[in-house]
Amino acid sequence: MRWPREVPELGWSRGGDRRVSVLAYGVGLGFRAVGERHCVGARGNVCPLGAVVPGRSTGGRCAECARLDRAHSVAADTMADDPRTYRVYLAWFGPGMVKVGITGEERGAARLREQGAVAFSWLGRGPLMAARRTEEVLRAVLGVPDRIPYAKKRAVRGQLPGPEERAGAVAELYARAAALEGRGWPESLERMPLEVVDQVGVFGLDRAPDADADPAPGRSVREGGTAPGRSVRESAPAPVRAVQELVDGGVVAGRLVAAAGPDLHLAVADGGVVVLDTRLITGWDLTSVTRAAEVTEATGSDVRVPLIDIGGGGVQGGLF
């Protein structure tokens, strides 16, 4: 799952062949998992062991490939001489859930979309180590984390407050962070002005489940964005189930109504919305499920994709 622009994309590969599917809200999506799940390798290289990985792993890599992949990432702090410009951002995912992070300036807001940030603002820009130092200072002084579990983000995504409250939470965090300038804030980091970008429209979280129109692209609150005072709970139903893992022969089928980070929100036959974390599909061989009769047949069979309550309840059996 990728967010290079303001629409989600799925990347597919078989051997050396690669392609991209641009997803659209309101369109059906269906596939069947086949065989076993294998490690996806590291940094574009295949896993030398062809290792089988657990169905519930969101990494999709064996231990060795995971180690190699992380060793060359910015998060591993092994790239101190990186000459690129980095940005520090402040992100809001739901009530009480804010974080600080960094991303390469050339990536724009892709990192924020990949994480499922509902609203965010840039804080500063500068060299990698200055951005990293600022991130560490803010985490320590303001008591904000550098990561939030996806399970927590999903749990609140269907009950978000209105745009003013979302923007206010980001603005409050920005004011607290800006007040630290000159007190542990690296001189080489240029502070950027507050501009809250709301991504509810980008993610489709403001759409009714039967809406077929594409979501409006994200805009800053001062430029309009979501209608003032409108709460997401007025139009978008809260997803209550999530796919726990894929299994051989298991079918996933539904209509895409929203997406955030790695998650696809699928409207299903019983009228509910189920979340598929696309990190769970990496490493699987997938075949298309295109005919309605085929989906119905699979749904009524004893082949099952385990589901779990998003609110932390018990595991549910059955397909969706």
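How many salt bridges does the count come to? The answer is 22 salt bridges, where a salt bridge is a side-chain nitrogen of Lys or Arg within 4 Å of a carboxyl oxygen of Asp or Glu.

A word on the ground rules: this is a predicted model, where local features need pLDDT of at least 70, side-chain atom pairs count only at pLDDT 80 or more, and totals for chains, interfaces and linings use all residues. Residues are numbered from 1 along each chain as its sequence is written, and side-chain values use heavy atoms, leaving out hydrogens and water.

**Exercise 1.** Work out how Asp 277 and Arg 154 are paired and where they sit.

Step 1: their side chains form a salt bridge, 2.8 Å from N to O.
Step 2: the pair ties together distant parts of the chain, with Asp 277 in strand 13 (residues 273-277) and Arg 154 in helix 4, 123 residues apart. Helices (H or I, at least four residues) and strands (E, at least two) are DSSP runs, numbered from the N terminus.
Step 3: Asp 277 has a relative accessible area of 5%, so it is buried; Arg 154, at 12%, is buried too. Buried means under 20% relative accessible area, exposed over 50%, partly exposed in between (1.4 Å probe, protein chains only).
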